[in-house]
Amino acid sequence: MPKGIAIKKWSDRPGFVVHLTITINRTLDQGTDDPEMETFYKRSIGFRGSLDDQAFVKAIPFEHSQQIDFPASLKPKRLLQRFQKRNICITGASSGIGEALARTLAGGPCTLVLMARNVARLEQLKMEWQFDQTEVIVLPIDLEDPASITSAARSMADRLPHLDWLFHVGGISQRGTAADTDFQVVQRIMQIDFLGAVQLTTECRALLNASEAPGIVVTSSMTGLFGFPYRSAYAAAKHALQGYFESMQLESASPYVCIVSPGSIRTDISFHALEPDGQENGKPDPRLEKGMTAQEAAKCILKGVARGKLNIYVGRSELLMIYFHRYLPFLFKWIAKRTPAK
Ligand SMILES: NC(=O)c1ccc[n+]([C@@H]2O[C@H](COP(=O)([O-])OP(=O)(O)OC[C@H]3O[C@@H](n4cnc5c(N)ncnc54)[C@H](OP(=O)(O)O)[C@@H]3O)[C@@H](O)[C@H]2O)c1
């Protein structure tokens, strides 16, 4: 290993996800003699040259150190079997949970259709994932714009004979009381978090029906199970999602529909959450900072889906609120009312 590059590699469960911590000294001008590490590292930063190349140093997109999570070549069979040789569409793939889901599936024999507004970020991920067995297709979608949803669904139908998995992950949150929030903000959140997902589902109906075993995975929220302060429109949109997709679950066994309810996951969601006047919040949420990582959440979601679960709850101790709401409503209200606005 050359001076200036320190690589720590471990796995929290053998054969699942390998976490790499790479510490780089910017004066690095040599390569590594570990070809496995070289491939892993180049892939993680989307670099296509040789580590001996001076250009590599310039290509390092970060200053000191960064933890990179990516799927190991040895993944548990059960986890990935349901996704192998499948066409998988993920909305919200440019960040957070959606990106983590795509990152975990990338590397396996499948076609990944990545959707979001930030196409540059999706193209960057596609460049990173130069896997022989994975085809990555990038399609722009704005869930706020029905015409963009139609166009994304049509582009996907032009590229794929069938769709096996549709992961609805794209979404936006809220920060502000119901009393202060503009009606337009409520409309926007309902459109992005609820109507957008429903429209995409209906526009993908023919593609999904062409699959032998289609599946839809919907990202709701714990706030889809009960109301919560400063989240009125978000809770309403997630309740609507729960109602729509739970009804779908009861109507027919096909497509398989799974509803995911995350608690607090460490992502950028708080930065993009809408304030009462529609401005972005632009601030972190200390509660989320203590939450599960997006990669852990993705692992939990894929494990649950692989087992055929109809409901998946993802998070840590905050999930207790689901039980408090159901069995100890006084305690639930006491805690919820004391939640500070963030
Ligand atoms: N993090 C949590 O604690 C938590 C808890 C419960 C539920 N969830 C749910 O998990 C899902 C993913 O959130 P996250 O935590 O991963 O947040 P995130 O990091 O902010 O990711 C949100 C994703 O949604 C996409 N998106 C936002 N507005 C969009 C629009 N108008 N059209 C298309 N795509 C849009 C974003 O992509 P572009 O900006 O590129 O379009 C981004 O990829 C959301 O549905 C959220 O409600 C998260």
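**Calls and cut-offs in a predicted fold**

Modeller: Buried residues make up 37% of the 342 residues in the protein chain. This is a predicted model, where local features need pLDDT of at least 70, side-chain atom pairs count only at pLDDT 80 or more, and totals for chains, interfaces and linings use all residues. Residues are numbered from 1 along each chain as its sequence is written.

Colleague: What makes a residue buried?

Modeller: A count of C-beta atoms, placed from the backbone: 20 or more others within 10 Å of its own means buried, 12 or fewer means exposed, and in between is partly exposed.

Colleague: Why is strand E9 called mostly covered?

Modeller: Strands (E, at least two residues) and helices (H or I, at least four) are DSSP runs, numbered from the N terminus. E9 spans residues 256–262, and six of its seven residues are buried.

Colleague: How do you know that E9 pairs with E8 and with E12?

Modeller: Pairing takes at least two DSSP bridges between two strands. Strand E8 (residues 215–219) and E9 have five, so they pair. E9 and strand E12 (residues 311–314) have four, so they pair too. Both pairs run parallel. Thr219 stands opposite Val260 in E9, and Ile259 stands opposite Asn311 in E12.

Colleague: Which residues touch the most other members of the largest nonpolar core?

Modeller: Ile88, Cys89, Ile90, Leu101, Leu112, Leu114 and Met115, out of 70 residues. Helix H9 (residues 232–251) gives the most to this core, with seven residues. A nonpolar core is a set of buried Ala, Val, Leu, Ile, Met, Phe, Trp, Tyr and Cys residues joined through C-beta atoms within 7 Å.

Colleague: What is Ile88 in contact with, leaving aside its neighbours within four places in sequence?

Modeller: Contact means C-beta atoms, placed from the backbone, within 7 Å. The partners of Ile88 include Phe83, Leu105, Leu112, Asp164, Trp165 and Phe167.

Colleague: Which residues come nearest to the ligand?

Modeller: Gly92, Gly96, Arg117, Asn118 and Gly171, of the 31 residues around the ligand. Near means a C-beta atom, placed from the backbone, within 6 Å. Helix H4 (96–105) and helix H10 (269–272) each supply at least two shell residues. H4 gives the most, with three.

Terms used: Two residues are in contact if their C-beta atoms, placed from the backbone, lie within 7 Å.
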